[in-house]
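My entries follow in the order I made them.

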Amino acid sequence: MNDAFELLDPENAKTFLKHFTGEVRRKGESLFAKGAVADLMPETPGQGYLATVNDDDPEDVEVYYDEVDGWTGSCTCERAPNCPHLFATMRALLAEHSSAVVRTLSSGRGAVPAPIQAKGKPEQDGGLARRLLAAVGRPLT
């Protein structure tokens, strides 16, 4: 990976967002849209990120990639792990990932490998592909 925001498994990050309830998703989308996600920074590029979400009170959020569970996270609010702050942070991270892919392609540093697609439902694939992604620390080719 050439950029700190190129995610190890972006398809699983999108799947992570689908696990939130409608109300949480709407509030998280609103937080993301108004720019409430601040200080998004890599802890482990491609695999772990920290952010502050400025809601009524600032909340500290961590999203990270687990080789078995895929993308997951934690938040300092009492609603975690089903909270809008986690949703907003992952949305911001996916937006940064998209920008990172464009930067990589524009710089001529090479093509970004296509994400691995497991057979069956993405939420059921949690096995070998995810463990390999985490072990090698880059998308599989």
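**Entry 1: H2 against H3.** Val 24, Arg 25, Lys 27, Gly 28, Glu 29, Leu 31 and Phe 32 of H2 meet Pro 84, His 85, Phe 87, Ala 88, Arg 91, Ala 92 and Ala 95 of H3. Sorted by class, this contact holds eight nonpolar, two polar and four charged residues. Here Ala, Val, Leu, Ile, Met, Phe, Trp, Tyr, Cys and Pro count as nonpolar, Asp, Glu, Lys and Arg as charged, and the others, Gly among them, as polar.

I then looked up the axes, which are lines fitted to C-alpha atoms, for helices over the stretch in contact, with angles from 0 to 180 degrees between N-to-C directions. The axes of H2 and H3 come within 8 Å and cross at roughly 50 degrees. H2 and H3 are therefore oblique to each other, as angles under 35 degrees count as roughly parallel, over 145 as roughly antiparallel, 65 to 115 as roughly perpendicular and the rest as oblique. The crossing of H2 past H3 is right-handed, meaning that the near helix is turned clockwise from the far one by less than a right angle.

**Entry 2: conditions.** This is a predicted model, in which local features need pLDDT of at least 70 and side-chain atom pairs count only at pLDDT 80 or more, while totals for chains, interfaces and linings use all residues. Residues are numbered from 1 along each chain as its sequence is written, and side-chain values use heavy atoms, with hydrogens and water left out.

**Entry 3: the chain.** I found four helices and four strands, in the order α-α-β-β-β-β-α-α along the sequence. Helices (H or I, at least four residues) and strands (E, at least two) are DSSP runs, numbered from the N terminus. Of the 141 residues, 40% are buried; buried means under 20% relative accessible area, exposed over 50%, partly exposed in between (1.4 Å probe, protein chains only).

**Entry 4: the core.** I looked up the largest nonpolar core, which has 30 residues. Such a core is a set of buried Ala, Val, Leu, Ile, Met, Phe, Trp, Tyr and Cys residues joined through side-chain atoms within 4.5 Å. Tyr 49, Trp 71, Met 90 and Leu 93 have the most contacts inside this core. H3 gives the most to this core, with eight residues.

**Entry 5: Glu 62.** I noted that Glu 62 lies in strand S3 and, at 25% relative accessibility, counts as partly exposed.

Conventions
Contact = heavy atoms within 4.5 Å.
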